Amino acid sequence: MPELHLPLIEAAILFPLIAALIVSQVKRPDVARRWSLIASCLALACTTFAWQDFLGLGVPIAHDHWNLTERLIGQDIFAIDYLTAPLLPSVSLLFVLTILSTLRTKIRRFSFAWTLLAMSLTQATLCCQDSWGIISLLALSTVPPYFELKSRGKSTRIYVIHMAAFVGLMVFGQACRSFEGNQTQASLCSSVPLLMAALIRCGVAPVHVWLTDLYENATFGTALLYTTPLCGAYAIVHLVLPSAPGWVLQWLGLLSLITAVYAAGMAMVQKDVRRFFSYLFLSQSSLVLVGLESVSQVGLTGGLCVWASVVLALSGCGLTLRALESRFGHFELRQYRGLYEHVPSLAVCFLLTGLGSVGFPGTIGFVGTEILIDGVVGTYPHVGMLLIMAAALNGIAIMRAYFLLFTGTRHVSSVSLRVSLPERLSVLTLAALILGGGFVPQPGIHMSSNAAEEIISARPHDPSTHQVDDTGHESA
């Protein structure tokens, strides 16, 4: 199998892991923040160069240059493909901007060591090609949020119950799948547990309670970094899609579609800012699962494009709310606050990232949402209106939150609320990527289309699954 010219993937995993060990021994929060920022920037550089190296090779998948795992355990499990090539630097950038935009007044409450460990585990998960490796990494990634909840004195019961069920179902389902051998299509005993595990991790209704609880009780940054990379969707791509029967995917699509509409409606009426964002995230991430379920070239391409917009645009919206919370504390959407005069750049960033995540024209989410709707309607015509309804409700919820937060009155403050230089840099970076992905969408669509083609080719032929070719005609 082709290899990258440099050991970039494993370096992107090792940099934050080593830094996490160093930072855990550092007593001064400002020094810990500096080490964390350096390590995350190095990981971002490695993933970006790995993406460019992969494109230069012109192959569907490439392994790392070192192959350390092959030397240690006899199996090379880390690789980069059309799906992970753009996803890895996007997730790395999210960690960098989260660390960069953490204000000095909040660095004592934010655990940089656990954040770096989470970054290492997330990077490893998103480039892991082995089923048991993905399960092990996903299980380990549940640990940092648990310890943060515990250190803040919050109840961990809801989180532990859901994550224990998630890990247990994954292990049981994959064990049954391994016992089945080389069957092209998975049985009921393996498909259903893996599907249920994926639904829990993605927060699909009715097993979404843990996600809203996490946003309410953990720090905003930790909740954002744990959920927005959509590692649960990656598990679906590698554990469910390759061998699941068509009816399993149809159930996944149905529950995801219901969640998208339900969460969009809930986001419209939320009074708490964190609950508002958690339901907005649930709705948009469910649209990604709807695209994965369609198993058509167009639908999958749209779902993967929406995945990119969730990582960048919706994460940017969350970082904006986090910056506001750092200044005003935990607040609610019950009255007009008129914050535009004090933080105009945050107001613009909130509007741009929020509308970009729901597919406003000229942003990164626009083309992906259009492709998703076109692909899903081509497969299941009756669900098109529900997708449009979910997008419309999310747009209304974002505009409602914008008006309540930034308009309607004049906010009087005795201290300066101006945006700091790191926050301004984060805002400009996100704005450039969101608008750049909207005006020049071809590279992202091309990568998503190639990834969709690879995913479809890995599935066995299933008469119960409707396939749609590039011309939009359904085939058995």
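The buried residues of helix α7 (residues 143-151) are Pro-144, Pro-145, Glu-148 and Leu-149. Buried means under 20% relative accessible area, exposed over 50%, and partly exposed in between (1.4 Å probe, protein chains only). Those four cover an arc of only 135° around the axis, which puts them on the same side of α7. The arc is that of the directions from the helix axis to the C-beta atoms. This is a predicted model: local features need pLDDT of at least 70, side-chain atom pairs count only at pLDDT 80 or more, and totals for chains, interfaces and linings use all residues. Residues are numbered from 1 along each chain as its sequence is written, and side-chain values use heavy atoms, with hydrogens and water left out.

**Around α7**
- The buried residues of α7 pack against α5 (112-126), α6 (131-141), α8 (157-180), α10 (209-217) and α11.
- Contact means heavy atoms within 4.5 Å.
- Helices (H or I, at least four residues) are DSSP runs, numbered from the N terminus.
- Just after α7, Gly-153 takes a positive phi of about 75°.

**Helix α11**
- Helix α11 spans residues 220-227 and is mostly covered, with 8 of its 8 residues buried.
- Among them are Phe-220, Leu-224 and Tyr-226.

**Helix α13**
- Helix α13 (residues 246-269) gives the most to a nonpolar patch, with 5 residues.
- Trp-251 lies in α13.
- At 47% relative accessibility, Trp-251 counts as partly exposed.

Methods
Helix = DSSP H or I, 4+ residues; strand = E, 2+ residues; numbered from the N terminus.
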